[in-house]
Amino acid sequence: MAIKPRLKIMLFLQYFIWGAWLVTLGSYMINTLGFRGADVGMVYSTKGIAALLMPGIVGIIADKWLPANRVYALCHLVCALMLAWAASINQPGLMFWVMLGNAMAFMPTIALSNTISYASLEKAGLDTVSHFPPIRVFGTIGFIAAMWTVSLMRFELSNLQLYIAAGASLALALYSLTLPTIPVVKGGISRTWVSRLGLDAFVLFKNPRMAVFFLFAMLLGAVLQITNTFGNPFLHDFARNPEFANSFVVQYPSILLSVSQMSEVAFILTIPFFLRRFGIKQVMLMSMVAWVLRFALFAWGDPSAFGFVLLLLSMVVYGCAFDFFNISGSVFVEQEVDSRIRASAQGLFMTMVNGIGAYLGAILSGYVVDYFSVDGVKDWTTIWLVFAGYALVLAVIFHFSFQYRHNPTLKASAPVAH
């Protein structure tokens, strides 16, 4: 088989694994296992903890000692074991540690899948900039396919979602052994774990504008984690109302949430235009306003005819909220920093967003959900309005604190992946 379809299969499975549980595990833990919001937040915080260290450490191993596809296979084998174990757990403490083990193995595979793709395309004599984006789209397709599979099979409140993810992990571990071997680096420029974690990019904090940018990257990273953790449990909770118990929203919430991922694909294509026309400050403000709308529309949405339109609009604006911050921020970093520390700066950006930000978002959102819950009944309207208020405050402070003058004559680079 040609290399491009082989890589498409790899990326499809890579994100199928994540899509099988990321947006539905919270509902399973709350509705089936009876976990508190804080318990769910702790489990989801494992992603942030793992993102702080593991991608850099595993990247060094893949560079220096083991071929990337072999490391990739080993990581997914560990994921398969941990996910299968998690399916049998009903205690919050143990669930945290097992899902932490899964996150420690899974988070590095995101970067490794990109490494394998780039190296394989170059080995085949193909331009990565033009050939990788249509390959990467299959990752998003895989994520959506997993959400639809779990939802249509009625596994959103079942541990079977974890077994599906474990089976896909095992399949990918075996499949990755058939991919081209990526040779380790012999000699050459050494990239230490300090560089890979973006720590040598901390010099950027001496620049007030970059310091403000990275601070808000962390604060917006916390916002991103909230809907991953509690979006699906919120939709399931409409089942408490007999009028909505058999509605599409309650029966297939993951299918509705998958519109968010579809919206991502559409908004990615608009980023170059918006960056050229408005600049990073206005684009990130658009993202923050979109987050306000995302949560406000959740607060007032429900499965009724009008309420469903509000929920659907919330899914659509998610694409703007995610892409205009995450992808545009990465492009901004690429354009603003010295070429000698670009890789480290990207590592710092990802650490602030997917590491510290994701950890804080998961933990604090769990406490907010518990604070506005009485005897297990959650006041979702107030909860979402609190999160909307948080995003609005961020937007106002960012507007006055981030000093940036846009030059529309400079061309923005087109993003190639997220």
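Me: Accessible areas here come from the Shrake-Rupley method with a 1.4 Å probe. The model is predicted. What is the accessible surface of the protein, and what percentage belongs to carbon and sulfur atoms?
Reply: The accessible surface comes to about 17200 Å². Carbon and sulfur atoms hold a share of that area. Their share is 69%.

Me: How many helices and how many strands does the secondary structure have?
Reply: Both element types occur in the protein. There are two strands. The helices come to 15.

Me: What percentage of the 418 residues is buried?
Reply: Buried means under 20% relative accessible area. Applied to the 418 residues, that cut-off gives a buried share of 56%.

Me: Which helix supplies the largest share of the nonpolar patch?
Reply: The patch covers about 620 Å² and includes Leu 74, Val 78 and Leu 170. Helix 4 (68-86) and helix 7 (160-176) each supply at least two of its residues. The largest share is four residues, and it comes from helix 4.

Me: Why does Leu 74 count as partly exposed?
Reply: Leu 74 is found in helix 4. Leu 74 is partly exposed because its relative accessible area is 48%.

Me: Which side chain of opposite charge is nearest to Arg 136?
Reply: Arg 136 sits in helix 6 (residues 128-152). It is buried yet has no salt bridge. A salt bridge needs a nitrogen within 4 Å of a carboxyl oxygen. The nearest side chain of opposite charge is 6.5 Å away, and it belongs to Glu 264.

Me: With which side chain does the side chain of Arg 136 make a polar contact?
Reply: A polar contact is a pair of N or O atoms within 3.5 Å. The contact of Arg 136 is at 3.4 Å. The partner is the side chain of Thr 140.

Me: Is Phe 267 buried or partly exposed?
Reply: Phe 267 lies in helix 11 (residues 253-268). Its relative accessible area is 24%. Buried requires under 20%. So Phe 267 is partly exposed.

Me: How far apart in space are Phe 267 and Asp 323, C-alpha to C-alpha?
Reply: Phe 267 touches Asp 323, and also Val 316, Gly 319, Cys 320 and Phe 324. In sequence, Phe 267 and Asp 323 are 56 residues apart. In space, C-alpha to C-alpha, they are apart by 6.6 Å.

Key:
Residues are numbered from 1 along each chain as its sequence is written. This is a predicted model: local features need pLDDT of at least 70, side-chain atom pairs count only at pLDDT 80 or more; totals for chains, interfaces and linings use all residues. Side-chain values use heavy atoms; hydrogens and water are left out. Buried means under 20% relative accessible area, exposed over 50%, partly exposed in between (1.4 Å probe, protein chains only). Lys and Arg count as positive and Asp and Glu as negative; His and the chain ends are not counted. A polar contact is a pair of N or O atoms within 3.5 Å; within protein, one must be able to donate a hydrogen and the other to accept it, and residues adjacent in sequence count only if both atoms are side-chain atoms. Patches are made of residues with over 30% relative accessible area and no salt bridge: like charges are joined within 9 Å, nonpolar side chains (Val, Leu, Ile, Met, Phe, Trp, Tyr) within 5 Å. Contact means heavy atoms within 4.5 Å. Lists of a residue's contacts leave out its neighbours within four places in sequence.
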